[in-house]
Amino acid sequence: MALDKQRPKDINFLNKNFTGLRGDLIDFAKDYFPSSYSDFNETSPGMMFIEMAAYVGDILSFYIDEQFRESLLAYAEERKTVFAIAQSYGYKPTISTPAQTTLEVFQTVPAAGSGDNVTPNYSYGYRVKPGSVVSADQFGKTFRLVEEVDFSTSGSLDPVETSIYEVDDSGNPTKFLLKKNARCVSGEVVKETFSFGSAKAYDMLTLGSKNVLEVISCIDSDGNKWYHVDSLAQDLIYDEVRNDAEFDPNLAAYNDTTPYMLKLIRTKKRFKTHIKPDGTFQLQFGSGTATENDEEVIPNPSTVGNSNVNSDFLNSNSALDPANFLETSVYGQAPANTTLTITYSTGGGIDDNVPANSITSKRSVDAAINSAGLDGTLRDESLNSISVNNPSPATGGKGAETIKEIKENVKQYFQAQQRAVSKEDYVTRVYSMPSKFGNISKIFITQDDQLNSGQGVIQGQTISPEVLMEKYVEPNEPLKVQDLEVRVPNPMALNFYVLGYNKQKKLEHVNEATKRNIKTYLGPYRMLTDAVNIKDGYIINIGVRFSIYAKKGFNKEEIIFKCIQKVKDYFNVDKWQINQPIILSDIAYEISLVEGVNSVVPPIENNPDGSLIIINNKFNKASGYSGNIFDISTAVKNGVVYPSLDPSIFEIRFPDIDIVGKCLGDY
Amino acid sequence: MALENPRTTSVRSRDKDPDTFIGVSLPFVHSRHGWFKSSTTLLKQTKSNMKNLLLTVKGERVNQPELGCDLFNILFEPMDDKLSEKIDSSIRESVGLWLPHVVLKGINIDLQHDLNLVNISVTFTTRIEPNATETITLNLATVGE
């Protein structure tokens, strides 16, 4: 019997529900307490106890299942768990989404010059700062500019439209109206202050308002800016500075098209945010509570263990305590003995979707100007003239994300990882750079695979003419141009061929300031091993010739005009990408669709191949073309004009003169 | 005197063995054989079970919503001629369903209109020992207090 007592009891751990546990308990009682208990009728008081135990087991199993299910994003159902999991993946669920629209911002400036040379005096152009508040009074909704409107500059992606606003008695303009577009979002701007005493690691504060859309700024009492980061481990932050001579005298030359320079700064003053399902918004700061610099708090070789430098380190005040690491600012600094002023926006929701032409009131416009040498009255007049309107309705405002939406968005967010890995990642990332850092209209990415004409290195070997002849040229064959095109592949680098627009929306090379901004912008996203070379894409300017026969009874000039318009549309620079070939039959087809065109025929002049559409290279730099010479005739294969081997794009520079169409007759 | 294999022993043999227990009896009182006093014969245990069944309202027991008797619901019915019949049928229905080994010998229902009191006494036996009877008495005016 003693042996029996020592033997472990046979317990079934598999059952989880009431019926299973009840059955197991009955079996257990039958096996181990046959003399003490044998009444298993449901009405018996003993059975009541057994069933209560089974019930408790069932409830416990339910909660274990429930907790496990709630720990998995795909199955979680409780809002608070979905919020917690989403934020652990780095995704911030939205409690409320603001409406947004493009706002037309107007300002009048006095005229400069006289006679035929009257132009707007852009010196009176104000810089309306982001954060300026406007409102749709009729609906009681406020909106905030999220982009700067700088009336003193104009670029192809951010052009200023001018029109005559006022004329004098002799009809000469005295004032011009400037118009620019800027994005604005809905939401009330709230300012709140929080005082901090002694530093506390991972200190948190809760904002007073709910439905917080965005933390606009966080400034301490010394005027230092605290930055919003995705996680406290992130110490590199983008910051922008005006592209002026103070920043870089060389790059400042490009500040008309690249008004801002992007720079990465390393900061300890940072915070992350946390949203609760009830709309409560929290800010959490870092762990750095030490008053000294990190270098003084953590051990370094000069203070620890290096007897050559410090023979008395054990008796010194050196930082030997490993717990000192916990006080460093690796995860950011904890605010201490300061007051933080936090500016944030709240609101959002479906009510913010106000109709067109309703955002017309200025609430508080923050505008700046370089007033040196300007007339005070005119300056004030210009400031007061700033007005706004939304030509299109505000859209996008909606309430909180549903559980389902959050789950789907988290999956998508987690997969993207905010890393540039594929070619498309890089392209999307570069295109998403804000235009104030320079405009990028075309980008093409290849592996660094440069042409080398004999002076390159392949696997450590210098290519001399002898090596070239021996390795790449067939014996007894002469050296050809293509033999010289030895490629040197570099798997560790990417070549970005970029092009931008000038003010007339013609393709042009991107300036150095923009290139530097691209490099900075890609910095945190690119892979460690991806070196990035930013180069100029090649612009091949072309002209197009075609001939048609019209249908009888149609106005030939009108038909030709429409055909040229079709070709213009086909070559609209917005639709073209670097390395895109021209398919001649597509152009002929587009022309044939014009009403009144009977047939598209090969042009008669200078058309030895009898091609339906003739493409010719326009390269005269003095006439405003790119200067790149490209032999089109050798690039045509089976009715397709292929671009150059080097990344290049076709462009009709001056459509009004570069597209020539002829109507040869009608039938 | 303990039975050699209590699990397979017949009910009659268990009834005769004073050291073998059937189940927990009502009311719950402390016993020298265990935490609760247990009954040693089927008939005594059945009495506890009967009491437990008749005093349980349907829906009261977790995961056994049909276990119990309608006596408590009938308590609020008008005290008319049909009341006795309703009490009788509810007792027979629940005993027939949950205690099939019980044979009801008689159900005596005494309605005291002046006191708003119903005295019920149920006399029963088991199929295994038909000659031995037991009686339980329920006083429905005080049973809920």
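Predicted model: local features only at pLDDT ≥ 70, side-chain atom pairs only at ≥ 80, totals over all residues.
**Entry 1, helix 4 of chain B.**

Next I asked which residues of helix 4 of chain B are buried. My list reads Leu83(B), Ile87(B), Ser90(B), Ile91(B), Ser94(B), Val95(B) and Trp98(B). They cover an arc of only 120° around the axis, which puts them on the same side of helix 4 of chain B. Turning to the face away from that buried side, I found the exposed residues Lys82(B), Glu85(B) and Leu97(B).

What do the buried residues of helix 4 of chain B pack against? I noted helix 2 (42-54), helix 3 (71-74), strand 3 (102-112) and strand 4 (117-126), which belong to chain B as well.

I stepped back and counted four helices and five strands in chain B. Read from the N terminus, their order is α-β-β-α-α-α-β-β-β. Chain B has 145 residues, and 38% of them count as buried. I also looked at contacts in chain B with a separation of 6 or more: residues 24 or more positions apart account for 37% of these.

I repeated the length check on helix 12 of chain A, residues 556-570. Its 15 residues, at 1.5 Å each, should span 21 Å, and I read 21 Å between the end C-alpha atoms, which agrees. Here the buried residues are Ile559(A), Ile560(A), Cys563(A), Ile564(A), Val567(A) and Tyr570(A). Seen down the axis of helix 12 of chain A, they fall within an arc of 135°, so they line one face of the helix. Glu557(A) and Phe561(A) sit on the other side and are exposed.

For the packing partners of the buried residues of helix 12, I wrote down strand 27 (538-550), strand 28 (582-583), helix 13 (584-592), strand 29 (597-601) and strand 34 (659-666) of chain A. I also checked which residue caps the N-terminal end of helix 12 of chain A. The cap is Asn555(A), with a side-chain oxygen 3.0 Å from the backbone nitrogen of Glu557(A).

Helix 2 (18-32) and helix 3 (45-70) of chain A each supply at least two lining residues. Helix 3 of chain A gives the most, with four residues.

Is Glu66(A) buried or exposed? Its relative accessible area is 16%, so Glu66(A) is buried, the cut-off being under 20%. The side chain of Glu66(A) makes a polar contact with the side chain of Arg69(A), at 3.2 Å.

How many cavities of 30 Å³ or more does the structure hold? I found one. The largest cavity has about 30 Å³ of space. Its lining is made up of Thr108(A), Val109(A), Pro110(A), Lys175(A), Leu378(A), Glu381(A) and Ser382(A). Strand 1 (100-112) and helix 6 (376-384) of chain A each contribute at least two of the lining residues.

How values were computed: Residues numbered from 1 in each chain as written. Chains lettered and ligands numbered in written order. Heavy atoms only, no water. Expected span 1.5 Å × (residues − 1). Buried < 20%, exposed > 50% of the residue type's maximum accessible area, 1.4 Å probe, protein only. Arc of directions from axis to C-beta. Contact = heavy atoms within 4.5 Å. Polar contact = N/O pair within 3.5 Å; in protein donor to acceptor, adjacent residues only side chain to side chain. 1 Å grid on protein atoms, 1.4 Å probe; cavity = no way out; pocket = protein on both sides within 12 Å on 5 of 7 lines; lining within 4 Å. Points joined across faces, edges and corners; volume = space filled by probe spheres on them.
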